[in-house]
Amino acid sequence: NLFAVQYLPEPYFGMTSSMTAKCNMQVDPSKYKRLISGLRTVLAEEGAVGVWKGVTPTFIGYSLQGAFKYGLYEIFKDQYSTMAGEENAKKYKGLIWCLGSASAEFFADIALCPFEMVKVKVQTSPAGTWPTAFLPAIKKMSAQAAETRFPFGSLVPLWSRQIPYTVAKFYFYERIVQLFYTHVFTAPKETYSKSTQLSVTFASGYAAGVICAVVSHPADSLVSQIGKAANRGKPVAQIASEVGLWNLCVKGLGARVLIIGTLTGAQWWIFDSLKTAMGLQTTGGK
């Protein structure tokens with residue numbers, strides 16, 4: 001299970017350019033006002049290479065995170081269901097979804113954090129001020145660890161972003177799938193074709209992605225701000241105060257909703273496609 005889900009970062013790999021624009025919108029909203037115009041600015045200043053900055057740490061980091069998140073979720077969900085007993089597991093299934101996903105994400109973020117810090121630093125540094133190649137960027141991050149806080153300086157903000165994000169992602173996914181099979185596709189789930197089940201998977205994943213993007217966006221903005229050169233050495237609370245709650249909540253939100261909705265739908269679709277290929281049922285049901 002853990003090895004199979006390592007392929008789940010593939011959607012992130014394909015949307016690195018959008019993530020580059022989104023991070024810059026959060027760090028310098030006066031210069032990068034919109035997703036498309038932000039991409040045009042990066043292209044004008046750095047060329048096509050600029051929009052693909054951070055692709056290697058994105059792929060490695062989210063490969064590790066995806067493996068731990070999806071693999072450990074199934075393990076923790078089963079473990080908590082067993083601990084609760086059959087009756088309570090059915091009665092409190094929503095709580096078990098939340099506990100399982102939060103537990104999985106706690107460990108997944110430890111694996112992700114160093115690579116996320118490199119990605120954000122590479123994507124938000126002005127052209128020519130920071131190495132864009134993966135190994136030189138890591139070397140400089142390590143050499144300046146007192147200033148960059150590498151490798152785990154962003155772990156607490158990352159937990160603040162990713163744990164609510166993942167809890168919303170799994171809870172609302174499971175709940176939306178349940179609504180589909182209760183009110184739309186009312187026959188037993190196994191009677192529907194795999195293509196129909198996977199369509200439900202993608203639609204539910206996309207809707208859940210929109211919700212979790214909104215829930216986790218303030219912390220995501222804070223993670224991007226930590227990588228900004230002007231915020232070097234500042235406490236996280238000071239950065240949050242200077243940026244302001246409104247800016248943390250809304251700057252880059254539209255781009256992130258588009259990115260995360262698509263990514264979440266695609267991730268669930270890939271995950272359930274792998275499950276069906278191995279003869280298993282898609283995730284969720286009545």
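Predicted model: local features only at pLDDT ≥ 70, side-chain atom pairs only at ≥ 80, totals over all residues.
Two packed helices are described by the angle between their axes and the distance between the axes. Helix H4 spans residues 55–84, and helix H6 spans residues 93–124. Their axes come within 5 Å and cross at roughly 170°. H4 is therefore roughly antiparallel to H6. The contact of H4 with H6 involves 20 nonpolar, 8 polar and 6 charged residues.

The model contains 0 disulfides. Cys-212 is in no disulfide, and its nearest cysteine sulfur, that of Cys-98, lies 13 Å away. Cys-212 counts as buried, at 0% relative accessibility. Cys-113 is also buried, with a relative accessible area of 0%.

The count of cavities of 30 Å³ or more is 2. The largest cavity holds about 120 Å³ of space. H6, helix H8 (145–148) and helix H10 (194–226) each supply at least two residues of its lining. H6 gives the most, with 3 residues. Residues lining the largest cavity include Met-117, Lys-121, Glu-147, Ile-226 and Arg-232. By class, this lining has 5 nonpolar, 3 polar and 4 charged residues.

The second largest cavity has a volume of about 100 Å³. It is lined by 12 residues. Closest to its centre are Met-19, Tyr-62, Asp-220, Arg-256 and Ile-260. Helix H2 (16–27), helix H9 (155–184) and helix H13 (253–277) are the elements that give two or more residues to this lining. The lining of the second largest cavity divides into 6 nonpolar, 1 polar and 5 charged residues.

Terms used. Residues numbered from 1 in each chain as written. Heavy atoms only, no water. Axes fitted to C-alpha atoms, helices over the stretch in contact; angles between N-to-C directions. Helix = DSSP H or I, 4+ residues; strand = E, 2+ residues; numbered from the N terminus. Parallel < 35°, antiparallel > 145°, perpendicular 65-115°, else oblique. Nonpolar A, V, L, I, M, F, W, Y, C, P; charged D, E, K, R; others polar. Disulfide = S-S within 2.5 Å. Buried < 20%, exposed > 50% of the residue type's maximum accessible area, 1.4 Å probe, protein only. 1 Å grid on protein atoms, 1.4 Å probe; cavity = no way out; pocket = protein on both sides within 12 Å on 5 of 7 lines; lining within 4 Å. Points joined across faces, edges and corners; volume = space filled by probe spheres on them.
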